[in-house]
Every structure is written in C-alpha cells, then in structure tokens.
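Work through these exercises with the model open beside you. Try each task before you read its solution.

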Amino acid sequence: MRWQKKSLVDDRRGFAVSEIDRLVRQGGVHPMGDAKASKIELQPLAGGLGGRLLGVDLSRPLDDSEFADVYQAFLDHLVIFISNRRALSPEEHCAFAARFGEVDYSPFSYPFKTPTVEGHTEILLNVKEANDRSINVGGFWHADVTYRERPHKAAIIYAREAPPYGGDTMFANQYLAYETLSPGLQRMLDGMSAEHSSGMPHAGESARFASVSRTSAPRPEDRKFSASLYAKADDGEESRTTHPVVRTHPETRRKCLYVNRGFTTRFSDMTVEESRPLLEYLWQHASRPEFTCRYRWSQNDIGVWDNRCALHYALNDYSGHRREMHRISVHEPTRP
Ligand SMILES: O=C(O)CCC(=O)C(=O)O
Ligand SMILES: [Fe+2]
C-alpha cells in the first residue's frame, strides 16, 4: 500500500476522513497506470499540503465514486495533481472542471486582460512565449479574485505546454497559517475584516518578478506591469470588496487565514499605513516554507487548488522557454 496517511484532517477535530484514506492497497500504481483496474492513490508532495493522484486519468470520464474520491482528496490536501495519458480537449477540461462547481465565464477586472481559448470564454489562456522576459501571471502570493464578493472556490488548471524546467507553481496552506498563530493574535484577527482590491497596491511592480534565468537578468523595462501581455494599458475601475480576515471553510469547517499580498489592501476601518505592518507580518507568515509545496508541471497535467484555503505563486524562472496553461475556475456559492 503506497497510500500515505498524511491527512490534514483527523477524527479528533471531527472532520470527514477521506474514503481514500481507508483504502488499503497492495503494490504500487504507476501514474499512467490502468485507471480502470486501479483505485486512486495519493502521493503527498510535502508535509504541509498537496498531493499527486495516481491511478486517475482524465482521458476517460470518472464515474461518481471515483470523482467522490478525487473531491475528498481536494478537500483534504488543498491542491491535487493528475497526470494524463494524452492531451485533453477544452470540452474534456471543462467537463471535469464543472464537477467542482459553477463555472466562471466572466472576464477579469481592471487592470487585467483576460485572453481566453478560442470559443471558450471560460478558459483563461495563460501563455508566456520563450522570448517574453516580462512579469508573469500570478507571480506573487495570492488567492484568485478575492476582490469579488464571491471569489473562486477552485481553479482547475491544465498544463498545455510545460517548460523543460522552471515554471513551477507553489501553494501555501492557510489552515496551518492560522493554526500556528498565537491564541492572542488569533482572537484579535477572528473579529476583523479586510478590504480586497483588483488594484493590487501591494503586489504591483515591486512585488512581482520579471523573468529570470541563470544567464539573463531582467532589464528595467521587463519589470513594468504594462510590459505583460495581461496588463491593460487603458484606465478602468478597480473592483473592491470586504472579507473576514479569518474564514471558516464551508465544507471542512476549519478556520483559515484569508488575506493575501495580491489583493488585500487594508483592514476595515483602518488606514493602509496602520494596516500594512500587521498585513506584512501575516503575508510573510502565510508563506512560511513549511506551509508550502511546489509542483513541477509536465505537459497534460491537471492541477486543482482550493482557492478558499490555499494561496499560490507562479514562478517566473523559465526565460527562454514557452509555457501555456489553461485555467477554468468555479465560483464560491456564497460569500466567505
Ligand atoms: O500559471 C500558474 O501556474 C498559475 C497562475 C495563476 O496565478 C492563476 O492561474 O491563477
Ligand atoms: Fe492565481
């Protein structure tokens, strides 16, 4: 049995223990193994979160019981990865994504552009050409679209083309971020809320990284937000909203920290100057190496992250190589 019982959940806390966790299997399963004959296994990526699912292949639809296992692994491990035997069509990607919730068809808010896959307004096309040395999409710690009243519940991302090395994505467990704060700070934050804005005052040019490689340092012009394909040059309206600083996950009922460097601007009823030192502390704490995992993409991989309790960061270290990701997101049914 290669299923490792690394569970962020346990009976003591009263959370559901995954059905998969109870599976006892003989022998190993190759990631590309025969999905029909095999049960799903999970190979943890790190202590804090993340798991690779073995024995699942999305080149054929999953039946309900298989999907239930996948969904439970998503809740238990916060971000899961599936390696597929062959390329998935946009329709197959979409059909899998739709099992996680209501698919988001709306464009992003100012200041972002949202290129999409032709004929599929729900598939965000995140491509960086080999000669593009500018900043990348998601190159800062964030959860997606938290400036919306109902941010995304999950993202289902497909690696259409992965660089030979570099271009990994990192994730950070925000249950752990909350649980490792002192009881005093937890009590204080429990009652607080914060503003989130698509204007990204703290994740602008200073927090982003232009493309790096061992042989090429970024040039000043590469560092500008406007150098990215995904930045809008024209003026627009920011989207803003307010969320609790600590939220309770609607499915696991666990509390997690819910501020991020990307979009959180300040605590409610406080100025940016008053908020910044504590936010800065929380942002750094939230991405402690022990709370993170890092995934190296291969072509045709699918990743699914729980955007309610995990942060992510896309590394911009593949200068000279092309990377193409397709992302579908599903809405949270209610406000955090
Ligand atoms: O390209 C990636 O790995 C993720 C980028 C990102 O932040 C996103 O798609 O939300
Ligand atoms: Fe993102």
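**Exercise 1.** By class, how many nonpolar, polar and charged residues does the shell around ligand 1 have?

*Solution.* This is a predicted model: local features need pLDDT of at least 70, side-chain atom pairs count only at pLDDT 80 or more, and totals for chains, interfaces and linings use all residues. Residues are numbered from 1 along each chain as its sequence is written, while chains are lettered from A and ligands numbered from 1 in the order written.

- Step 1. List the residues around ligand 1 (C-beta atom, placed from the backbone, within 6 Å of it): Asn126, Val137, Gly138, Asp144, Ala155, Ile157, Thr169, His312, Ala314, Met325 and Arg327.
- Step 2. Sort them, with Gly counted as polar. The shell has 5 nonpolar, 4 polar and 2 charged residues.
- Step 3. Find the strands (DSSP runs of E, at least two residues). Strand 6, strand 15 (310–314) and strand 16 (323–331) each supply at least two shell residues.

**Exercise 2.** In what order do the 8 strands of the open sheet run?

*Solution.* 

- Step 1. Trace the pairs (at least two DSSP bridges between two strands). The order is 1-2-3-14-6-16-5-4, with mixed pairing.
- Step 2. Strand 1 (41–44) and strand 4 (116–117) each pair on one side only.
- Step 3. Check one pair. Strand 3 (residues 79–83) runs antiparallel to strand 14 (residues 301–306) over 5 bridges. Ile82 stands opposite Ile302 in strand 14.

**Exercise 3.** Which residues does Ala310 touch, not counting residues up to four places away in sequence?

*Solution.* Look for contacts (C-beta atoms, placed from the backbone, within 7 Å). Ala310 touches Leu49, Leu78, Val79, Phe171, Ala172, Asn173, Gln174 and Trp305.

Terms used: Contact = placed C-beta atoms within 7 Å. Helix = DSSP H or I, 4+ residues; strand = E, 2+ residues; numbered from the N terminus.
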